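Open the model in your viewer and keep the sequence panel beside it. Each stop below says what to select and what is there.

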Amino acid sequence: MPDLPRRSLLAGALAAPLAVALPASPAIAYTGSGADARALRAAIAGLPDVDARALRAAIAGLPDADATAALVRVGGRDGRWRGSAGVHDLESGRPADPDARFRAGSTTKVVTAATVLRLAAEGRINLDGPVQRHLPGLLGGRFRPVTVRQLLNHTSGIPAGDGLGTTFEEVYARRFETLDPQRVAASAGAKEPEFCPGRRQHYLNINYTFLGLLIERVTGRPYASEATRLVLAPAGMRDTYFPGTDPRILGPHNRGYQAVRRADGTTELLDVTEWNQADRFAAGDMISTTADLERLLTGLFRGRIVPRPLMRELFAVPSDITGASYSAGGLQRHESGGTVYWVKTGGRYGYNSAIAGTCDLRRTIVYSVNSTDAKSEDRNPVVGRIITAALK
């Protein structure tokens, strides 16, 4: 594998030169045909409020130390822009596939929340009813009743469940093992609550693990089947699926890499494309495309997926909890320049993604960045540039 310096990983700029030269950065690619191509050419020319030059610059120069590829879609009433940059893989140096599938990570939570809201609209789930009624025995006696709504907005107080390790090295070594979501939920329910339900907001995957199990219990069908029937199909997300225990990404995809530090102080990029993500389940085990995630965002906000009486839940942030920002729709409220955006990011090793938009869809942003440190607490510089350019 080629070596790259990685400042955030090594807590300082590496003085050592690159061990292997990177493949030359391919030209940024723009795709489309017919009416789409005409609209795209107009967007690239610079429709109002879409800064095409800034967006091109944001993803230029890939691959670099921070990312090997980037796919971006900016849309809304004020114009459209589509772009991709980087490589399909470091070995061949082929241009990145702009229509590639990728691990969408926690953007899965928006699909899960929408599935629950659809079932609530059908009267099969009571948002204010205790989850213990449907999943008896998973939460120990120390837990007070936890409502479905509290799972949706991360105010349940349920602690994180057990995983396959706590460091990258540990989980990488076990990346082809299967950790059943029921085991993850049971391990969380055997611990002490973090806080009384409804008192605080703490974003954790475990809330959506429980929601996935709830969906299965009330429907008698696998989570993936119900999420596909109730959300993916109505949204037209034909290239999105849930891999379960299959470690592969089926169909066109760009390789994902994770930077790790060697004993000699250099940084190695490990290919992390194949990985069994079954334990992420309803919290993060989805493979999608930027086009499909854009369809999810627009379908949700136009009322095509969640029935309108329950659409308010998409933007319902607890008003009685200081600092709360997550809604019952799996989205996070973010204000920039006086404009409120509803956002969901996702990160699995090798892949960062996000959807964001104003509730009136005046501006939407979808990206997938093949980050070389996708689980870092620091924002990836490429992601930062994309966001800055998209919000200009």
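Start by selecting Gly61: it lies just after helix α3 and has a positive phi of about 85°. Helices here are DSSP runs of H or I with at least four residues, strands are E runs of at least two, and both are numbered from the N terminus. This is a predicted model, in which local features need pLDDT of at least 70 and side-chain atom pairs count only at pLDDT 80 or more, while totals for chains, interfaces and linings use all residues. Residues are numbered from 1 along each chain as its sequence is written, and side-chain values use heavy atoms, with hydrogens and water left out.

**Helix α3**

Step back to residues 52-59, which make up α3, and colour Ala52, Ala54, Leu55, Ala58 and Ile59: these are the buried residues of the helix. Buried means under 20% relative accessible area, exposed means over 50%, and partly exposed lies in between, with a 1.4 Å probe and protein chains only. Look down the axis of α3: the buried residues fall within an arc of 160°, so they line one face of the helix. The arc is that of the directions from the helix axis to the C-beta atoms.

**The six-stranded sheet**

Now select the open sheet, whose six strands come in the order β2-β1-β10-β9-β8-β7 with antiparallel pairing. Two strands pair if DSSP finds at least two bridges between them. At the edges are β2 (81-86) and β7, each pairing on one side only. On average, and ignoring direction, neighbouring strands are turned by 15° against each other. α3 packs on this sheet and touches β1 (67-75) and β2, its direction making about 20° with that of β2. Contact means heavy atoms within 4.5 Å; axes are lines fitted to C-alpha atoms, for helices over the stretch in contact, and angles run from 0 to 180 degrees between N-to-C directions. Select residues 290-301 next: this is helix α11, which also packs on the sheet. α11 touches β1, β2, β8, β9 (351-357) and β10 (364-371), and its direction makes about 150° with that of β10.

Stay on β1. How many of its residues are buried? Nine of its nine residues are. β1 pairs with β10 over seven bridges in the antiparallel sense, and Leu71 stands opposite Ser368 in β10. Another six bridges join β1 to the antiparallel strand β2, where Gly83 is the bridge partner of Val72. β1 and β2 form a hairpin with five residues between them, and Gly76 in the turn has a positive phi of about 125°.

Cross to β7, which is joined to the antiparallel strand β8 (residues 339-348) by five bridges. Here Glu335 stands opposite Val340 in β8.

**Val317 and its loop**

Select Val317, in the loop between α12 (308-311) and β7 (332-336). Val317 counts as partly exposed because its relative accessibility is 23%. Its C-alpha atom is 8.4 Å from that of Gln332, 15 residues away along the chain. Leaving out residues up to four places away in sequence, Val317 touches Ala324, Ser325, Tyr326, Ser327, Arg333 and Trp342.

**Thr155**

Is Thr155 buried or exposed? Thr155 lies in the loop between α5 (148-152) and α6 (168-173), and at 2% relative accessibility it counts as buried. Among the residues it touches, not counting those up to four places away in sequence, are Phe195, Arg200, Pro318 and Ile321.

**Helices α4 and α8**

Show α4 (residues 108-121) with α8 (residues 206-219): they pack at an angle of about 35°, with their axes 10 Å apart. On the α4 side are Lys109, Thr112, Ala113, Thr115, Val116 and Leu119, which meet Tyr208, Leu211, Ile215, Val218 and Thr219 in α8. The residues of this contact divide into seven nonpolar, three polar and one charged.

Finish at β4 (residues 257-261), where four of the five residues are buried. Five bridges join β4 to the antiparallel strand β5 (residues 267-271), with Val260 opposite Glu268. The hairpin has five residues between its strands, and in it Gly265 takes a positive phi near 90°.

Methods: Ala, Val, Leu, Ile, Met, Phe, Trp, Tyr, Cys and Pro count as nonpolar, Asp, Glu, Lys and Arg as charged, and the others, Gly among them, as polar.
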